[in-house]
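Please look over the sequence and the coordinates before reading on.

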Amino acid sequence: MLEFMLGLPGLPARPRRVRPLSRYEYAHMVEFGWFANQQIELLRGTLVDMNSHRWPHAAAIEFLTEQLILQPVGRYSVRPQMPFFADDWSEPAPDLAVAEKDPMLRDHPSELLLVIEVADESLAIDRGPKLTIYAEAGVPEYWILDLAHRTVEVYTQPVNSRYANVQVLRDGDVLRPTLLPDVAIRVADIPRYTGTR
């Protein structure tokens, strides 16, 4: 497809400017069914395929969703793999996000309390463009669950395009989201790889 856009198939592609897609254009395309049955998200004006979810990835999302729903007793909106309006050029779908409950909200939220990405093959994207997008959007806390290394990277205090505070938690540590005081999740309890992959 990209080969067709940049030049004729089989011929060298001529260098051309690739125009980013805005969130509003993306929303219209989704509305007209352009991406039916495709798992994609918009990052910096570019459509990016989302990785398929193998068991450890899915199990971690399921476990964290249960913890974030049950511990605060329904006071927040827990959003597994739902769009977040980060800015005019980015609409990521984090593995898990927590927002204030707002019965008047009529669209995807543009403010979140916590974002969690479960990283397997997506670690470079989660530490790169997604981290920048979440920091610039002012997401106060961002977790990356690194399945392969059995760690959780906790990013807090967004400043411009980065986070000023970074901690790496391991088995034996407890996750305590800054803005969700009722929540405490033991890192060791999160389902992850238990042997060789």
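The model is predicted. Its protein chain has five helices and 10 strands, and 43% of the 197 residues count as buried.

**Overall chain**
- The accessible surface is about 11,400 Å², with 54% of that belonging to carbon and sulfur atoms.
- Of the contacts between residues at least 6 apart in sequence, 51% join residues at least 24 apart.

**Salt bridges**
- The count of salt bridges comes to seven.
- One of them pairs K130 with E117, at 3.0 Å from N to O; K130 sits in helix α5 and E117 in strand β5, 13 residues apart.
- K130 is buried at 4% relative accessibility, and E117 is buried at 2%.
- E117 and K130 also belong to a salt-bridge network with E41.
- E153 and R127 form another bridge, with the closest N and O atoms 2.4 Å apart. Because E153 lies in strand β7 and R127 in helix α4, this pair ties together parts 26 residues apart in sequence.
- E153 is buried, with a relative accessible area of 6%, whereas R127 is partly exposed at 41%.

- D95 lies in the loop between β3 and β4.
- D95 is buried but has no salt bridge; K130, the nearest side chain of opposite charge, is 6.2 Å away. A salt bridge requires the nitrogen and the carboxyl oxygen to be within 4 Å.
- The D95 side chain reaches the backbone nitrogen of V118 at 2.7 Å.
- Beyond its neighbours within four places in sequence, D95 is in contact with residues including H53, H57, R79 and E117.

Conventions:
Residues are numbered from 1 along each chain as its sequence is written. This is a predicted model: local features need pLDDT of at least 70, side-chain atom pairs count only at pLDDT 80 or more; totals for chains, interfaces and linings use all residues. Side-chain values use heavy atoms; hydrogens and water are left out. Helices (H or I, at least four residues) and strands (E, at least two) are DSSP runs, numbered from the N terminus. Buried means under 20% relative accessible area, exposed over 50%, partly exposed in between (1.4 Å probe, protein chains only). Contact means heavy atoms within 4.5 Å. Accessible areas come from the Shrake-Rupley method with a 1.4 Å probe; for residues, only the protein chains shown count as cover. Lys and Arg count as positive and Asp and Glu as negative; His and the chain ends are not counted. A polar contact is a pair of N or O atoms within 3.5 Å; within protein, one must be able to donate a hydrogen and the other to accept it, and residues adjacent in sequence count only if both atoms are side-chain atoms.
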